[in-house]
Amino acid sequence: HTAGCFITDNVGQFFSSGHTNNWAVLVCTSRFWFNYRHVANTLSVYRSVKRLGIPDSHIVLMLADDMACNHRNPKPATVFSHKNMELNVYGDDVEVDYRGYEVTVENFLRVLTGRLPPSTPRSKRLLSDDRSNILIYLTGHGGNGFLKFQDSEEISNVELADAFEQMWQKRRYNELLFIIDTCQGASMYERFYSPNLMALASSQVGEDSLSHQPDVGIGVHLMDRYTFYLLEFLEDIHPASKTCMNDLFKVCPKSQCVSTPGHRTDLFLRDPGSVLVTDFFGSVRKVEITMDSINLTSVVSHRKEEPAANGELQKEVYSYSDQLPVSEIIHQKPKQRDWHPPDGFILGLWTLILLVFFQTYGIKHLKHIF
Amino acid sequence: MGRWSHSQLSMDEGHVTHGGTVTLSNALCSHSQTEMATTEVERRRGQLAALSIAAVVIIVGVPLWWRTTETYRAWLPVSQIKEFATLQLLLSVDVEVVFSRGTVSPEQQKKVPMTQTQDEEHRVDENTALKYRYEIRYRTATIMEEDALKQPTASDADLSLHALSENPCGSLVVYVIPESSSLLSEDVDVYIGQKRTAILRLGAQMRVGRTLEQLLAHLEPRIKKILHMMSFSHTDITAALSDRVRLAPGNRENIVDSMRAFKSSPGYEITFSLLNPDPKSHRLHWDIESAVETYVQPLLTKLAPIANFSIDSQTLYYAMLGVNPRFDISRSSYTLNAESLAHVINPVEARLGSNAASSNPVLNFLLYVPDALHSPLHILDRKKQAVHSNAFHSPRWGGIMVYNVNDVYGPEAVLPVDININMAKVMGVFLAQLRLLLGVQSSSPPPGFVVASCSSTGLADWELDRLMWSRSVENVATATTTITSLAQLLDQIGNIVINDNIAEQVSSAVTSLQLAVAELEAGNLGFALQYSKEAILASERAFFDPSLLHLLYFPDDQKFAIYIPLFLPMCVPILLSLIKIASDARQKRREKQAKKD
C-alpha cells in the first residue's frame, strides 16, 4: 500500500479526488492605503492559482482595488509583494470581478450561495457543480468570530458556516479548502458543520497575525507573514507535482510567523495525506481518449443535392446589430423618485422668510403660532 | 397645595397669643383631615394613571411592536414538501412481445393475447425506494409485420417495421422469430434496432411440443437483458439519484460515467473552436455553418425534449498547446502521450471565452491543426498505440481533436496553403464525444447481441429513451432535494422574508413534482420528463431567488443591546408604580384584617 502521497497511475488519480473542475474565490476585505498588504496577499495568491492552471473564468476575485491607482502609490499601476519592488503582482492581466464598494458581505454571500440577480454576468458568478473543488481565501482585519468588510460591516462565523451549509445542500462543491489570513483567524472556522471542508488559518483565537516587511520606498507593509511563507511554499508547486496537504499544514511555523497557524480537517472525508495541493490550487484535468467516432459520410450525399436546387448564391446581407438601445435611452421618461422631506437648507430658508415676515408685520402674530 | 396653606397658617398663628393654642390644634386637626382626603384622591389618581399607562403599553404597545418587527412569510405547502422527503418512485415500462409465425403452435396462438405485469422492488436507502413495473403484452404478428420480417437482412426488416407503426417513447417492441429464420446470423441472438424495436431469435431447444409457460420462461432472461439495454437498468437509475443519495463508490465504470456526463440542466452551450497556431503556413477553411446544420443539428433537434442547445463557433489564431510534443522516430511523427494530455487544456481555456449572458454549462469542442514544424501530430494511448480518432475529451468540459494536414501539400507548396477541412470526419469525432458528454452510455452489449449502427442523427430512439429515463429521475431527485432543503432552511432561520413569488414557485414546483411522479407511474415518459423539467426550473428559481439572503442575523446579545436603551427607561417607572400599587393594596388588606379582629 502506498505510504505518503505518491499516486501510482493516472487511473488511480481519476478516482482519488472525484473532482473535474476547480474554482477559486479570493477576497480581500479591506480598503485604504495602509491595508496595502491585504491586496498584495490576495493578488499573490491569485497569481499562483493562475500559474497552476485555474483560468480567469473560474476565479472570482473580490478586491477594493484602490492600491494600484492610489494617489499615495509612488509607482502607479503596480502592487508589489516583495520589498525592493521585486515582484509586481498587479500586472496587466488582472481580472477583478468585484471591485471597490462591490466587495460587501452581501455580495460575498450571494456569490457563495448563488443567489445573484439574473442580470449578473457569468464572470461574477460561482458556477460550480457537485464535482468542483473550491478554494476560498479571505484576508483582512478580523476578530474573535467575525471578519471586517471594508471598515463598515462584518461577517460572523455563524453566517459563513450557514453559507457553506447552503452550498452543501445544493451540492455546489465536491471539496472546499478555506484559508484565512487575519487576526484570530481560527475563530472563523470553528463553527463549520458541513462535510468535506478543510480549513487553514494564520493565527489562533487571541493571537494577532503579523505583517512581514515594510518597504521604505512605498511606505507600507507589503505582505502578511503567513501568506508570504505560503507563497514561498507554492513557488515549488508546479501543475504536475504530487505534494500533499500535510506539507501545507506545516507552512509558517511559530518561529517564522510569531502566531500559531491552525487547521481543521475533521469534516474532510479523505485523509489529508492523500490530498494533493494541486487538487485545490491547480486545475489538473482528467482526460479520456476518444475511442469511437461516428461514420457520417453517408449523410453528405443527401445534403449535396440541396444546394444545386437553389441556383445562384445568395449573398448574405450583414447589418450592425444594436449594441445599445440608444433610442430607448434617449426617449426614456425620467424615473419616479421617492419623495424625500425637504433638506435642511430649504427648511432654514423658509424659517428665515417666516421670521422676516412676522418681524415686519408685527410680533403679535407670532403668539398664534407658538 | 396642602402644605403651602399649612405653612401660611403657621405664619399667621405666630402672631396669635398662647391662649389660642387649643383652637390652633383643632384647626390643625381639621386641616390635616382635609389634607388626608386630598392625598387620598391624589393617590387614587396616581394609581389610575399608572394602571392605565401599563394597560396601554401592554394592550396596544406590545402587539404593535410585534407586528411591526415581524418578517413577512408567505405560506408554504410544508406538509406536501415533507412527503417528498421520502421518495418512492415507480417506473413503468410498456413492452410488447410479438410472436411471428413458426414460434407458437396454433392452439397456443389462441391463448397468446395476454398481459403480464412484473414488479421489481429496490430499496436504495432509508429515504428512497424504487419500484420497476414491466407491463408485458403478448400478441401474434400481423400480416404486414410478417412481410416486414421476411426481408433479407435485419436492418431492412427494422426499417420496414418502423414504417408500420410509431412507438411512443418509453415503450418497446420485441419481435420473436423462429430458430430457423435466416434474418440474424449464426451467433447472433438479438438484434437491437435504431428505433424502439428488437428482434429476438428462439433458442434451439425450443422446438415443437413445449408449453406456453416454458416458452415464456425461456424468453424471459433475454427480454430482461433487452430491457436493461434499451430502457433502463438499476445502476443507471441509482446513478441518476446521486443528488439525493451519496452512494459508496461501487463499480468504477459507473463512477466514471457519472463524473463524465454533465448534470441535467435546462440548456447547454456548445462552442466549436478552430485553433490555428500557424497562420503563416496554413490558411484553414472550415464550413462550420453547414456542418453544424447537416451533422449536429439533427442530433440536437432529437434531443430537444431534454434540453435547449445553443451553438457558436470561433477561430483562434496563434493558440498553442501547452505541451511540447516529442518526435518519435519509429513513427516519424510527433506524439503526445496520454499523461501529458491533462496539461493541454488549461492554457487554451483561458483564451476560449464564453457567452456572458447565460449561466448554462458550456461544452467546448476544439479542432487543433498542428503547425508545420510539428506536423504530423498523433495522440498515443496508455499502451503507446496511436489513437484512431486522434482525439481526447475531458469529463464535463468537452473534447479536443488533432487534425493533421501535412499530407495535403508538399514541401514546394507556396505558403500559406489553403486547406479545406473535411467536416464529416471532424464532426464524426465531435458527435461521438458529444454523446459521451451528454450521458449516452456506450457500454458494450452482452454476448450474442448486435446493436444497429447509429442512424444519420447519431442517436437511436432507445438511447434517447434511456437518456429520458435517467434525466427524469435525476430531475425529480434534484427537485425534491432542493425543495426539502429550502423548506428546512426557511424553517430554521426565522428571519428570512418569504415573498409571495417564492411561495408561488414552491407551490408550482410541488405540483409539477407530483405530476411527474404520477406520469412516471403511468408510463408516459414524455410527459414525465416535461413535468420534471418544470419542477426543477421552479424549484431552482425558488431556491436561488436573490431575496432569500439571510442578512437579518442578529446574535442575541446584540438584540438586547438594541432594545434595552429604548424600553428600559419607559418600563422601569411603570413597573415600580405597579409594584407600589400592589404593595399598598396588600397593606390595606392587612389593615382591614387587623381592624376586623
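Does Ile353(A) count as buried, partly exposed or exposed, and at what relative accessibility?

1. In this predicted model, Ile353(A) counts as partly exposed, because its relative accessibility is 44%, a value that falls between the 20% limit for buried residues and the 50% limit for exposed ones. Ile353(A) is placed in helix H11 of chain A, which runs over residues 344–361. Ile353(A) is also part of a nonpolar patch on the surface, formed together with Phe345(A), Ile346(A), Leu349(A), Trp350(A), Leu352(A) and Val356(A), and the accessible area of this patch comes to about 720 Å².

2. For chain A as a whole, the secondary structure consists of 11 helices and 11 strands. Of the 370 residues in chain A, 54% are buried, while the chain exposes about 18,700 Å², with 56% of that area supplied by carbon and sulfur atoms.

3. Helix H3 of chain A, residues 105–113, is largely enclosed by the rest of the structure, because 8 of its 9 residues are buried. Just after H3(A) comes Gly114(A), whose phi is positive, at about 85 degrees.

4. Chain B contains 16 helices and 17 strands. Its radius of gyration is 42 Å, whereas the globule rule gives 25 Å for 597 residues, and chain B is therefore more spread out than a compact globule. The C-alpha trace of chain B spans about 150 × 80 × 35 Å along its principal axes.

5. As to burial and surface in chain B, 47% of its 597 residues count as buried, and the chain exposes about 30,600 Å², of which carbon and sulfur atoms supply 57%. Among contacts in chain B between residues at least 6 apart in sequence, those that join residues at least 24 apart make up 78%.

6. What does the side chain of Lys224(B) make a polar contact with? Lys224(B), which is placed in helix H7 of chain B (residues 212–230), makes this contact with the side chain of Gln118(B), at 3.2 Å. If residues up to four places away in sequence are not counted, Lys224(B) touches Gln118(B), Glu120(B) and Tyr134(B).

7. Over all chains, the count of salt bridges comes to 38. In one of them, Arg137(B) is paired with Glu96(B), and the closest N and O atoms are 3.0 Å apart. Because Arg137(B) lies in strand E3 (residues 128–140) of chain B and Glu96(B) in strand E1 (residues 87–99) of chain B, the pair ties together parts that are 41 residues apart in sequence. Arg137(B) counts as partly exposed, because its relative accessibility is 43%, whereas Glu96(B), at 13%, counts as buried.

8. A salt bridge is also formed by the side chains of Glu339(B) and Arg382(B), at 3.9 Å from N to O, a distance that falls within the 4 Å limit applied to such pairs. Glu339(B) lies in the loop between strand E11 (333–336) and helix H11 (345–349) of chain B, and Arg382(B) in the loop between strand E13 (377–379) and strand E14 (391–394) of chain B, so this pair ties together parts that are 43 residues apart in sequence. Glu339(B) is partly exposed, with a relative accessible area of 41%, and Arg382(B) is partly exposed, with a relative accessible area of 43%.

9. The side chains of Glu463(B) and Arg435(B) meet in a salt bridge with an N to O distance of 2.9 Å. This pair links distant parts of the chain, 28 residues apart, since Glu463(B) is in helix H13 (residues 461–492) of chain B and Arg435(B) in helix H12 (residues 423–438) of chain B. Glu463(B) is buried, with a relative accessible area of 9%, and Arg435(B) is buried, with a relative accessible area of 11%.

10. Finally, a network of salt bridges links Asp129(A) and Asp130(A) of chain A with Lys263(B), Arg396(B) and Glu474(B) of chain B.

Terms used. Residues numbered from 1 in each chain as written. Chains lettered and ligands numbered in written order. Predicted model: local features only at pLDDT ≥ 70, side-chain atom pairs only at ≥ 80, totals over all residues. Heavy atoms only, no water. Patch = residues over 30% accessible without salt bridge, like charges linked within 9 Å, V, L, I, M, F, W, Y side chains within 5 Å. Areas by Shrake-Rupley, 256 points an atom, 1.4 Å probe, with all protein chains shown as cover. Helix = DSSP H or I, 4+ residues; strand = E, 2+ residues; numbered from the N terminus. Buried < 20%, exposed > 50% of the residue type's maximum accessible area, 1.4 Å probe, protein only. Rg over C-alpha atoms; globule rule 2.2 N^0.38 Å. Contact = heavy atoms within 4.5 Å. Polar contact = N/O pair within 3.5 Å; in protein donor to acceptor, adjacent residues only side chain to side chain.
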